[in-house]
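Reader: I want to know what stands behind each label put on this protein model. Please set the values against the definitions.

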Amino acid sequence: MSKLFSIKEDRSLYPEKNVEGKIDVDLSSHKYLKMWHGPQHPGITGNMSLEITLLGDEVMDCETHVGYLHRGFEKLMERRKYIQCFPLVCRVAVPEPDFNEYCFAAAMEELAGIEVPETAQWLRTLVLEMGRLSSYLMWIGGQSGAFGQGIVGQWSNYMRDSILDRFEELTGGRIYHMYIIPGGVRGLLPDGFKDRMEENLKFIESMMKDIDRVMFNNAVFKKRSVGMGIIEKEWVTKFGITGPNARSTGIPMDVRKDYPYLMYPKLDFEPVTAQYSDIYNRADVRRRDLLMSVDLIRQIMAKMPEKGEIRAETPNVLHWKVPAGQTYKRAECTRGEYGYFMVSDGSEYPRRINVRGPSYTHAVALLEKMIINCNLSDIAGLMVSLHTYPPEIER
Amino acid sequence: MKELIDRLKTSYTVEDYIQQRSDLAHITVSKETAVDFISHLQRVEGYKHLVILTAVDWIEDGKFQLTYLLNNPEMKNDINVKVFIERENATMESIHHLWEQARTYQRELKEMFGIDFPGSPGVDKPFILEGWHDLPPYRRDFDTKKYSEETYFPRPGREKNDPATYMKQKLYPNE
């Protein structure tokens with residue numbers, strides 16, 4: 001075995017970087033290996049791929065490739081009336097479509113000057129928190145699976161299914177709900193919904209204790225995640241990092257607290273933070289955020305009115321001309337700040353919609369930086385720890 | 001936010017100030033002073049977070065509107081800095097030295113709108129559309145329907161109905 005591939009700390013034989021911070025790869029030297037990680041790798045959170053250059057089993061260089069899911073949503077919306085965009089917007093993010101629906105509806109309402117009734121706002125808050133819970137439950141399976149603990153993924157899928165049952169009961173759809181519509185929501189809570197929800201929440205809490213034991217207190221998980229993939233505090237503004245990735249560096253930034261929307265000002269919560277951001281702490285912040293979401297759903301169900309107006313008066317949606325203007329609406333999703341920039345020219349069709357998905361910054365610029373010198377077997381865990389989601393990048 | 005805009009007006013030409021909400025203002029600056037203005041906002045005024053960088057095609061005026069949405073995490077407000085550039089041979093100064101993620105946005109804008117950002121790393125590399133040789137697809141004059149009709153063949157046996165007349169026939173056949 002050559003000295004180059006030894007695991008000793010001697011890095012004198014490692015290639016030097018050029019002025020652009022990249023190494024000059026000469027594949028014919030047989031030192032390097034080019035490899036594609038994705039788009040069908042089980043450790044990747046959707047269809048994207050990484051073109052990596054390896055030296056031994058260490059990543060020397062990486063380039064993100066996206067575009068496998070590009071359907072041109074933003075362009076398609078320009079050809080559709082506002083209401084016809086609703087089946088499109090939820091498909092921008094599969095794990096939590098409700099944030100798209102909310103941001104799109106809220107931007108429309110702001111431009112059109114529509115006040116949403118209080119009951120509808122409570123129901124929107126409830127749906128957003130349910131979406132957060134189900135998205136975190138999907139993530140936790142991916143994070144543990146990437147480090148070889150398949151069982152946690154099976155448990156969390158079972159828990160997520162119970163939340164999807166409640167979604168189906170409330171909205172008629174399990175994955176895509178189209179429940180939040182301009183002016184309000186589509187319906188009130190069905191009879192007995194709260195009791196069934198409470199049952200699910202108790203079950204999730206008890207299962208989370210098991211996951212805590214199996215995953216977070218597991219020696220293998222700790223050994224592979226503590227001190228791995230650190231995000232520096234200064235990077236937060238430099239790379240546009242938001243959400244749990246930023247909160248785990250110790251900055252308590254949370255759109256729900258900083259830019260209060262819907263009924264969040266009436267709820268009692270504090271942004272979850274950690275001291276420094278490695279894979280373990282990011283996972284822990286998400287775990288605590290998940291439990292906070294359980295608490296918030298309980299608070300919402302206790303405080304929300306049973307009955308009331310759920311839709312404001314709106315023009316006929318097929319002939320609705322939204323007044324000309326531009327606005328940006330944001331919400332806190334599980335991955336960070338989600339936002340919609342909407343431009344209306346006063347016609348029945350949106351002039352331009354731009355979706356700000358948090359993965360746009362996390363999966364391209366940040367990941368390409370963090371992955372350097374990472375071990376091949378840790379790439380999947382690192383990616384999932386950033387909780388990236390490709391359709392937000394390519395829209 | 002009005003005080004901030006008044007303060008900025010003393011050193012820069014700021015036009016079309018619109019207070020959209022208490023925490024969001026739209027302003028327009030000229031193409032020549034834009035990058036200087038944005039870096040002033042970032043370094044001096046605390047607008048450290050680049051939320052989005054996107055473009056709007058105002059084809060009827062022959063202009064692209066570049067939108068730099070900047071956020072001040074301490075004051076908790078946003079400024080939408082609008083920059084209008086010519087649609088023909090659209091170029092703009094790069095801001096990749098201010099934010100790391102800006103290069104990704106600029107790469108996307110080059111691909112989708114054909115706006116060039118000379119000097120931005122990797123701006124000429126395809127981002128989402130590999131092997132695309134047509135008009136940049138997010139421009140208003142790119143017709144998606146025409147493109148798909150020309151590129152993809154119709155599926156045999158597929159019937160098309162106009163939704164309004166079809167529903168009328170179904171619901172009120174005698175009228």
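Reader: What makes B:Tyr166, B:Met167, B:Leu171 and B:Tyr172 a nonpolar patch on the surface?
Author: Together these four have about 420 Å² of accessible area. Such areas come from the Shrake-Rupley method with a 1.4 Å probe, and for residues only the protein chains shown count as cover. A patch takes residues with over 30% relative accessible area and no salt bridge; nonpolar side chains (Val, Leu, Ile, Met, Phe, Trp, Tyr) are joined within 5 Å, like charges within 9 Å. The model is predicted: local features need pLDDT of at least 70, side-chain atom pairs count only at pLDDT 80 or more, and totals for chains, interfaces and linings use all residues. Residues are numbered from 1 along each chain as its sequence is written, chains are lettered from A and ligands numbered from 1 in the order in which they are written, and side-chain values use heavy atoms, with hydrogens and water left out.

Reader: Why is B:Leu171 called exposed?
Author: Its relative accessible area is 54%. The scale is: buried under 20%, exposed over 50%, partly exposed in between (1.4 Å probe, protein chains only). So B:Leu171, at 54%, is exposed. B:Leu171 sits in helix H5 (residues 163–171) of chain B. Helices (H or I, at least four residues) and strands (E, at least two) are DSSP runs, numbered from the N terminus.

Reader: How many residues does each chain bring to the contact?
Author: Chain A brings 41 residues and chain B brings 50. Contact means heavy atoms within 4.5 Å. The two chains bury about 3,700 Å² between them, 51% of it on carbon and sulfur atoms. Buried area is the accessible area (1.4 Å probe) that two parts lose on being put together, summed over both. On the chain A side, A:Lys75, A:Arg351 and A:Tyr360 lose the most area to chain B, together 19% of what that side buries.

Reader: What makes B:Lys76 and A:Asp258 a salt bridge?
Author: Their closest N and O atoms are 3.9 Å apart. The rule asks for a side-chain nitrogen of Lys or Arg within 4 Å of a carboxyl oxygen of Asp or Glu. The pair therefore passes, at 3.9 Å against a limit of 4 Å.

Reader: Why is A:Gln326 called buried?
Author: Its relative accessible area is 9%, so A:Gln326 counts as buried. A:Gln326 is in strand S6 (residues 325–333) of chain A. Residues it touches include A:Phe341, B:Trp58 and B:Asn80, not counting residues up to four places away in sequence.

Reader: What makes A:Gln326 and B:Asn80 a polar contact?
Author: Their side chains are joined at 3.5 Å. A polar contact is a pair of N or O atoms within 3.5 Å; within protein, one must be able to donate a hydrogen and the other to accept it, and residues adjacent in sequence count only if both atoms are side-chain atoms. Across the interface of chain A and chain B, 25 residue pairs are in polar contact (both at pLDDT 80 or more).
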